[in-house]
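Here is a short briefing to read alongside the model. Have a look at the sequence and the fold, and then let's walk through a few spots together.

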Amino acid sequence: MAKKSPLAERLDQVHQRIADACAKARRQPSEVMLVAVTKYAAPEQIRELVQLGVTDLGENKVQQLAQRAPQINEFFARRQAVDENQIGRLRWHMVGHLQRNKVKQILPLVSLIHSVDSLRLAEELNIQAGKLGRRVPVLLQINASEEASKSGVAVGASTHLAEQIASMENLAMSGVMTMGPLEASPAQIQAIFARVREIFEEMRWQKIGGNDLRYLSMGMSDDFELAIAEGANVIRIGSALFGPKPPDAEEVR
Ligand SMILES: *Cc1c(COP(=O)(O)O)cnc(C)c1O
């Protein structure tokens with residue numbers, strides 16, 4: 001058998017880590033959606049990853065998503081026209097902070113927006129989704145670690161904002177997203193994830209979003225096992241797949 005590429009090996013490692021974390025938590029790996037965050041990946045790496053079977057791709061900047069999604073989508077659409085090997089539809093996820101004036105640009109390209117963090121942003125999404133005749137799935141981003149540098153709604157305001165989003169005609173209130181704290185022990189990180197899981201369960205209990213409410217998006221390269229232990233069913237992985245952030249890259253976390 002041909003030697004695996006470094007990217008294929010890293011993908012295997014991530015799948016193995018997911019499987020181990022799920023086994024520990026008595027969960028099924030098929031419950032966990034892997035979103036490959038491509039912000040520091042080269043286009044060739046993204047294409048290779050899709051060929052390896054990853055169909056969910058995430059970006060945290062509008063500009064980069066708007067540039068890449070059409071290119072990568074077109075590449076695979078062309079390949080599929082000549083290749084029986086069905087890759088299936090690619091789904092792009094917006095995982096980073098979204099400004100209202102960028103909503104129009106991004107909306108036609110994305111399948112799930114992880115980062116709704118204000119009523120005004122939700123309102124703009126609702127208006128623009130209506131113009132496209134779409135009902136757009138969104139997650140509420142919660143700033144559970146209450147770090148000032150992070151976006152996301154405060155824990156205390158999250159349920160109310162989720163209710164407001166759920167009442168919007170063109171948005172599907174589909175779950176919650178959070179980012180673990182940067183400088184913290186595993187126990188502290190897990191406590192933050194547990195808190196967000198409780199908020200998610202509370203929303204479910206209150207039937208906010210009804211059947212739309214299904215995604216608990218938490219966990220990145222360094223902490224996704226802790227997130228899976230706390231019930232995450234969407235994890236967002238960048239560096240564990242593509243290698244560490246290039247030294248000259250702008251900090252886009
Ligand atoms: C970059 C990024 C990730 C992935 O981070 P890694 O630590 O590289 O896995 C996940 N979520 C968001 C919102 C990001 O910006």
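In which helix is Ile189 found? Ile189 is found in helix H7, where helices are DSSP runs of H or I with at least four residues, and strands are runs of E with at least two, numbered from the N terminus. This is a predicted model, where local features need pLDDT of at least 70 and side-chain atom pairs count only at pLDDT 80 or more, while totals for chains, interfaces and linings use all residues. Residues are numbered from 1 along each chain as its sequence is written, and side-chain values use heavy atoms, with hydrogens and water left out.

**Ile189**
- Ile189 counts as buried because its relative accessibility is 9% (buried means under 20% relative accessible area, exposed over 50%, partly exposed in between; 1.4 Å probe, protein chains only).
- Apart from neighbours within four places in sequence, Ile189 is in contact with Pro181, Ala184, Asp223 and Leu226 (contact means heavy atoms within 4.5 Å).
- Ala227 is 38 residues from Ile189 in sequence, and their C-alpha atoms are 8.6 Å apart.

**Helix H6**
- The buried residues of H6 are Val155, Ser158, Thr159, Leu161, Ala162 and Ile165.
- Their cover includes strands S4 (112–116), S5 (136–142) and S6 (171–178), along with helices H5 (119–132) and H7 (186–205).

**Ligand**
- A polar side-chain atom of Lys39 lies 2.8 Å from a ligand oxygen atom, and one of Asn60 lies 3.3 Å from a ligand oxygen atom (a polar contact is a pair of N or O atoms within 3.5 Å).
- Arg236 places a polar side-chain atom 2.9 Å from a nitrogen atom of the ligand.

How values were computed. Polar contact = N/O pair within 3.5 Å; in protein donor to acceptor, adjacent residues only side chain to side chain.
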